[in-house]
Amino acid sequence: MNKGIFRTTRRCAVLAVAALMLGPLNGAKAADKLGQKFGQRVVIENMPGPGGINAARAVITAPPDGYTMALVTNGTAISVAAFKSLPFDPVKDFEPVSMVGTFDLVFAVNSESEYKTLGDFIKAAKAQPGKLNIGTIAVGGTQNLGAELFKSMADLNVQIVPYKNSPDIVVALLRNDVQMQVDFPPAVQGQVNDGKIRVLATSSPQPSPLLKGISTVDQAGVKGFEVISWNAIGVPKGTPKEVITTMNKAMHEVLAMPDVKEQFAKVGVLAHASSPDEMMSRLTGDIKKWNAVIDKAGIERK
């Protein structure tokens with residue numbers, strides 16, 4: 001997963017983006033709107049690196065003057081949980097500004113599957129211990145850990161099968177090599193539109209306004225299940241509070257714009273601005289959650 005920063009000079013801004021689901025910002029509309037609010041030109045830059053290390057270093061070593069911002073994601077929280085150690089601490093090294101967007105995982109099956117609801121799948125898995133497979137990508141990634149959390153909370157004996165990429169899982173699902181896929185909505189949307197794959201449930205605690213008519217895992221009987229992928233903005237520790245307040249206000253205004261919300265929705269992202277406290281609560285809560293999931297699943301830390 002690529003990680004990124006938002007870096008500016010007095011004349012130019014650079015917004016480096018992290019994560020699969022930042023297509024809306026990479027499309028430049030939100031960046032352009034932010035640039036108008038800040039009175040700066042905003043440009044997007046990607047900074048690849050495991051665990052977001054490269055981007056984090058660029059941010060925490062930058063002057064805390066409001067001209068460098070980091071994209072912090074649920075992947076950041078997973079990295080803290082999944083790595084034995086990191087050369088940065090997102091809780092201690094960043095000041096939170098605002099959430100940017102949230103998006104669900106979806107639980108999907110072959111349209112010819114006998115499982116019409118997630119409850120059907122759970123019932124079958126309990127009746128056939130060890131017989132059903134769930135496909136995800138990237139051991140230790142959001143999709144994989146979301147499936148592990150589902151397996152644990154539903155008390156199922158199923159096999160979580162990792163694949164290199166989402167298209168490979170789709171092929172396996174259509175061949176019945178796996179009986180369910182846990183992934184981000186865009187990974188299956190084309191096959192859903194073609195009538196080849198059926199979405200059974202989403203991972204948020206409440207039904208998604210972007211996935212109408214689809215129930216939640218919680219509603220299927222796995223009470224308390226919640227996996228929300230998210231993106232947020234942080235700045236270097238020590239950035240003045242008044243600067244953070246100005247940035248937060250701009251984020252709220254931009255993310256409320258109908259054209260920005262529409263662009264986000266096209267890739268399954270719900271635009272969501274927040275207070276700095278809400279952002280930090282999400283980060284710390286997810287670090288705790290994924291630590292527990294990794295421990296229970298026996299996933300080796302890198």
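**Figure 1. Helices H7 and H12 are roughly perpendicular to each other, a term for angles of 65 to 115 degrees.** The axes of H7 (residues 142–153) and H12 (residues 276–297) cross at roughly 70° and come within 10 Å. Axes are lines fitted to C-alpha atoms, for helices over the stretch in contact, and angles run from 0 to 180 degrees between N-to-C directions. On the H7 side, the contact (heavy atoms within 4.5 Å) is made by Leu145, Gly146, Glu148, Leu149 and Ser152. On the H12 side, Lys289, Trp290, Val293, Ile294, Lys296 and Ala297 take part. By class, six residues of this contact are nonpolar, two polar and three charged. Ala, Val, Leu, Ile, Met, Phe, Trp, Tyr, Cys and Pro count as nonpolar, Asp, Glu, Lys and Arg as charged, and the others, Gly among them, as polar.

The model is predicted: local features need pLDDT of at least 70, and side-chain atom pairs count only at pLDDT 80 or more, while totals for chains, interfaces and linings use all residues. Residues are numbered from 1 along each chain as its sequence is written, and side-chain values use heavy atoms, with hydrogens and water left out.

**Figure 2. The protein has twelve helices and twelve strands.** Helices (H or I, at least four residues) and strands (E, at least two) are DSSP runs, numbered from the N terminus. Of the 302 residues, 54% are buried, that is, under 20% relative accessible area with a 1.4 Å probe, protein chains only.

**Figure 3. The largest nonpolar core has 73 residues.** Such a core is a set of buried Ala, Val, Leu, Ile, Met, Phe, Trp, Tyr and Cys residues joined through side-chain atoms within 4.5 Å. Helix H12 gives the largest share of this core, seven residues. The residues with the most contacts inside the core are Phe107, Leu118, Phe121, Ile134 and Phe150. Beyond its neighbours within four places in sequence, Ile134 contacts residues including Phe121, Ala147, Phe150 and Met180. A second, separate core of 14 residues includes Ala108, Ile169, Ala172 and Ile214.

**Figure 4. Thr216 lies in the loop between strands S10 (197–202) and S11 (228–236).** Thr216 counts as buried because its relative accessibility is 0%. Leaving aside neighbours within four places in sequence, Thr216 is in contact with Ala201, Thr202, Ser204, Pro205, Gln206 and Pro207.

**Figure 5. Val269 lies in the loop between helix H11 (258–265) and strand S12 (270–271).** Val269, at 2% relative accessibility, therefore counts as buried. Its C-alpha atom is separated by 8.7 Å from that of Trp230, 39 residues apart along the chain.

Key: Angles under 35 degrees count as roughly parallel, over 145 as roughly antiparallel, 65 to 115 as roughly perpendicular and the rest as oblique. Buried means under 20% relative accessible area, exposed over 50%, partly exposed in between (1.4 Å probe, protein chains only).
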